[in-house]
Amino acid sequence: MKKILLIGKFNTVVNETNQFLSQYFHVQLCSENAGVLKGMLKIVNPDLIVISLIGAYDIDTSIFFLLSDQYAQIPVLTIGTKEESGKFFKYYEGEQFENLIRPVENTVIMNAICRRLGLEEEKVEQEAREGKKDNSGKKRILVVDDNGTALRTIKAILEDTYEVALAISGAQAMTSIGKKRPDLILLDYEMPVCDGKMTLEMIRADEDLTSIPVVFLTAINNRENIEAVLKLKPAGYFLKPPVKDRLLQEIQKILCETN
């Protein structure tokens, strides 16, 4: 299944686009910030990028320079009104960028994506129908870590069994949770700016999220640090890098206990 990075502000339009595309592709959401995007590109390694231009005047224009300069091989599809799109045409380079004028039907977006990726639309839809039978009931796990290598490693461990979402900061984790609620969160304890403790506090501050089990990941193996982690009463904790079999067993156990 092809990977798509969907960039834009969280709103009804982006949410609907995400829900539609997620039926056919692996979709990872990302904010329209060049720093965040740079990190996500290394982690996700997408086959195609979709940018929602809603709120165009707030979008970091350096993302267009980043994509055309360092990721020219990745096709980019932007979606916006004529007014929104007009602001960015000057940044488009060659054939990498293509724009769709909003309002636009999901079928038109699907057609454009398949064309840019050289896919047969009917075949993609058929594979999605077959995959839906195999993936029905898959639990969703959100992995939060500022280290791209750690994210890729844990994603590789989990993706055969679970639906996996990734976030590289506490703020991005909260955005991801708001878009689609996870069944369990693997949270790095040591992160800059908004660390694991602060992120957990934000999660628990929302009554609708308090039932989501949070498992801490920590790279520091000393008594003081472990006691600090346990004091927050997480559903569990693992030293990094986690051992595959133990991690899978613990996740399964926690999910069974919370059902």
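View 1. The model is predicted. In it, the largest pocket holds about 1200 Å³ of space. Its lining counts 44 residues. Nearest the centre of this pocket lie Phe25, His26, Val27, Glu163 and Val164.

**View 2. Helices and strands share in lining the largest pocket.** Each element named here supplies at least two lining residues. The strands are strand 1 (3-7), strand 2 (26-30) and strand 7 (163-167). The helices are helix 1 (12-21), helix 2 (34-44), helix 6 (121-135), helix 7 (148-158) and helix 8 (170-179).

**View 3. The second largest pocket has a volume of about 220 Å³.** It is lined by 14 residues. Val13, Thr17, Arg102, Val104 and Ile109 lie nearest its centre. Helix 1, strand 3 (48-52) and helix 5 (106-117) each give two or more residues to this lining. Helix 1 gives the largest share, 4 residues. By class, the lining has 9 nonpolar, 3 polar and 2 charged residues.

**View 4. A salt bridge joins the side chains of Glu84 and Arg102.** The N to O distance is 2.8 Å. The two residues come from distant parts of the chain, 18 residues apart. Glu84 sits in helix 4 (residues 82-86). Arg102 sits in the loop between strand 5 (97-101) and helix 5. Glu84 counts as buried because its relative accessibility is 14%, under the 20% cut-off. Arg102, at 21%, counts as partly exposed. Arg102 is also among the residues nearest the centre of the second largest pocket.

**View 5. Glu163 forms a salt bridge with Arg140.** Their closest N and O atoms are 2.6 Å apart. Glu163 belongs to strand 7 and Arg140 to strand 6 (residues 140-144), so the bridge ties together parts 23 residues apart in sequence. Arg140 is buried, at 11% relative accessibility. Glu163 is partly exposed, at 27%.

**View 6. Glu163 also forms a salt bridge with Lys180.** Here the closest N and O atoms are 3.0 Å apart. Lys180 lies in the loop between helix 8 and strand 8 (184-188), and Glu163 in strand 7, so this pair ties together parts 17 residues apart in sequence. Lys180 is partly exposed, with a relative accessible area of 39%. Glu163 is one of the residues nearest the centre of the largest pocket.

**View 7. Glu98, Arg115 and Arg116 form one network.** Salt bridges that share partners join these residues. The whole structure has 10 salt bridges.

Notes. Residues numbered from 1 in each chain as written. Predicted model: local features only at pLDDT ≥ 70, side-chain atom pairs only at ≥ 80, totals over all residues. Heavy atoms only, no water. 1 Å grid on protein atoms, 1.4 Å probe; cavity = no way out; pocket = protein on both sides within 12 Å on 5 of 7 lines; lining within 4 Å. Points joined across faces, edges and corners; volume = space filled by probe spheres on them. Nonpolar A, V, L, I, M, F, W, Y, C, P; charged D, E, K, R; others polar. Salt bridge = Lys/Arg side-chain N within 4 Å of Asp/Glu carboxyl O. Buried < 20%, exposed > 50% of the residue type's maximum accessible area, 1.4 Å probe, protein only.
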